Amino acid sequence: MPDGHVDLDAEHIGDLDEYEGALAGLSRREFLTYCTGVAATLGLSPAFGVKIANAAVAAPRPTVIWLSGQACTGCTESLLRTHHPSLETLILDTISLDYNETLMTGSGHQAENWKQQAMKDNWGKYLMVTDGSIPTKDGGVYCKVASKTYKDAVLECAKGAAAVISMGSCSSWGGWPSTGVNPTGAVGLNEIIKDKPVVSVPGCPPNPYNFLSLVLHFVAFGKLPELDDKMRPKFAYGRLIHENCERRPHFDAGRFAMEFGDYGHRQGYCLYKLGCKGPETYANCPSVGFNDVGQGTWPVGTGHPCFGCTEKGVGFTKGIHELASLKSVAPPNSYPAVAVDKGEGMSAGAAAVVAGIAGAAVGAGAVISSRLGKQDAKTESSSTAAE
Amino acid sequence: MSSQAHEHQPLGGRVLTLPFLICAALVAVAGVILFQRYTQGLAAASNLNDGYPWGIWVAIDVVIGSAFGCAGYVIALLCYILNRGEYHPLVRPAVLASLFGYGLAGLAVLVDLGRYWNFYHMMLPWYAQPNSVMLEVGLCVATYTLVLVVEFAPAFLERFGIEGLRAKLNKVLWVFIALGVLLPTMHQSSLGTMMVIVGHKLSPLWQSQMLPVFFLLTAILMGFAIVVWESVMASLNFRRPMETPVLSKLAGLMLVVASLFVVLRFVDLIVRGQIGQIFGGPQSGWFVVEMVLMISGLALLIPKANRNRSRALFLSASLLLAAGILYRLNVYLIGFTPAVGPWHYFPSVKEIMVTVGVFALEIALYLLFVKKLPVMHAVHPEHG
């Protein structure tokens, strides 16, 4: 078939609009459990799980077009490592992920045509997601897909998008390609797309559940969740890592690891003095964790200081060893001793009373024993006399 | 022995003597402090804290006070269980001393309990935790106090001439006497068990699986010592003949018990590998004082002639009592270090005055009872 024939290349890929197909092999119970979990991640009542479930299977599912720029693909990879249950299946089926260079089967013109077709069919309705920064130097020649600079591609795609989401720090504020000398002139998506709000989910990689919750919020309610001044969803970026960190009590008590592998480090003390950026980094890493393997699965949990990957000007900019600037509580220069003397010791009065009692007892004992001694002497002499 | 030989009679005489008045004044002081304790709480009157929830009100009033109260236990044991009738003249004063020792120990618990209004929960089976040593001690001490009242009841009944009831009581008295020997054996050893469960908080010089044995031994030893001490004091102060023949036999028993205690203490330290703690272990100085008191007390009794001398008996009984007191104080307070600290505790003046008041009440009541009730055995001309 000749290249460029969109209608012929774009093959039907399964009955996604049917109830069974949309559930993608999950049982109804598993699916509802998952949706309730998503509602909990968003901080909504469990009853919203049903609403999210309804929205996720309602046809037609919203189209998502995912573009990748200067990035390491880590954001997409982390998305694949979520397992409750089989997130990748759900993300392909509850939303219609029509274009993603890492995940799609098609390639070359076929893939490009499919993208164009999907954009045309869902013009003004689709969700646009990008990962990776956008090079601007030298006309943006440092990143091209299908002979088109990445900058042009995102501008084109953004025109018909209902909402734009930038996934990961590169896309949110430039990420690591933008730091240092920045040879490609890399910038974040919000500096290219000015006419539309760009919701950002920064992180390197961001927690995939933050992205998923954002998307499902959009699907369920038709609008975006509450955002902060940097266009980040507040449910995930509303608080400093420092605020929810499991090592926070050590910070407050002044117990710090001073170098890697020292006593404090092995005891799980606060990593602030090793350069942890938790006190100036907004993210929910301590509360959500990574890879679904339980609590403590995030950098600080494994003993490495947070390096502030979500924050522009912190992650990839400050040295790992550099002290964070404290946004909330500053540690005092000195702490009260852990072992404070408690309870009342001997008072002068009590000592006097005890000494008085002891003295009286000994004195009385002496007097009595001398009287008894005389009595004994009398008894013994009288008994001798009697003999 | 004929019953005539053991007739008891009140000593008579003035009640309001100087010692009695001094004791009454001390009781009044304690009463004022207790009013403060019950209106403003424990902290207003005591230095008790979270690290030392047991202060002298437990360690001295209850643990040492009940050891003073073991006079009735050892004499009943000797006189009725081992059937040694010659100790009979000592029974009533000993039971009386026990009654006050235990009754006031029970009262002291009510002073020390933070939520004293719940004390009766101990008696209600549905609140009971049957594995608790504390429950065992609590119930046992409460029951024993009642048993002591029954044991002492003949003196009352005699005094007020209720002969019919007295005759009936005499028929079943053996049950109470048996209980009166069983119960202290149980709870005096349990007082030691209570400190076994504090584990490493107690210095290795005292912490031992043998604590129940040592507490039972000190209870018996202090019981003997208090009988001897009281008897000597009573003879001196009420100008009565010395009961030296009986006392010298008791002195022999004291010597045996005290020696057993000392030997077992050292064997225990060696077996546990803690003998080195004597030299520089925590509070080792107090261990040395305790042992010096104990050994000098028993050494006085080794020459047989000394056991007939009232001064030697008095000094020896005093030293052994002091050793027993210090042993129990060491286990309950001095050798005890709360886990998370550093905590400090020394009784406040008010706390000490309450304890002094409790003992003053004991002495005042003893003086009153021996003068007004048939407690002491009658002095016959052949004795004098």
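Two residues count as in contact here if their C-beta atoms, placed from the backbone, lie within 7 Å.

This is a predicted model, where local features need pLDDT of at least 70, side-chain atom pairs count only at pLDDT 80 or more, and totals for chains, interfaces and linings use all residues. Residues are numbered from 1 along each chain as its sequence is written, with chains lettered from A and ligands numbered from 1 in the order in which they are written.

**View 1. Chain B, end to end.** Take the contacts in chain B between residues at least 6 apart in sequence: 82% of them join residues at least 24 apart. Chain B has twelve helices and zero strands (DSSP runs numbered from the N terminus: H or I of at least four residues for helices, E of at least two for strands). Of its 384 residues, 46% are buried, meaning that 20 or more other C-beta atoms lie within 10 Å of a residue's own.

**View 2. The largest nonpolar core.** A nonpolar core is a set of buried Ala, Val, Leu, Ile, Met, Phe, Trp, Tyr and Cys residues joined through C-beta atoms within 7 Å. The largest one here holds 116 residues, and Leu221(B), Ala225(B), Val228(B) and Met254(B) have the most contacts inside it.

**View 3. Zooming in on Ala225(B).** Leave out residues up to four places away in sequence, and Ala225(B) touches Met254(B), Ala317(B), Leu320(B) and Leu321(B). Apart from this core lies another, of 57 residues, including Val129(A), Ala158(A), Leu189(A) and Ile193(A).

**View 4. Where chain B meets chain A.** Chain B puts 22 residues into the contact and chain A puts in 20. On the chain B side, α8 (211-237), α11 and α12 (349-372) are the elements that give two or more residues. The most come from α11(B), with five. By type, the chain B side splits into twelve nonpolar, eight polar and two charged residues (Ala, Val, Leu, Ile, Met, Phe, Trp, Tyr, Cys and Pro are nonpolar, Asp, Glu, Lys and Arg charged, and the others, Gly among them, polar). The predictor gives the complex an ipTM of 0.84 and a pTM of 0.61.

View 5. Chain B averages a pLDDT of 88, and 97% of the residues score at least 70; pLDDT is the predictor's confidence in each residue, from 0 to 100. Among the helices, confidence is lowest in α4 (residues 71-81), at a mean of 84, and highest in α10 (residues 284-299), at 95. Over residues 1-5 of chain B, pLDDT stays under 50. Where pLDDT is low, the predicted coordinates should not be read in detail.

Technical notes: Buried ≥ 20, exposed ≤ 12 C-beta atoms within 10 Å, placed from the backbone.
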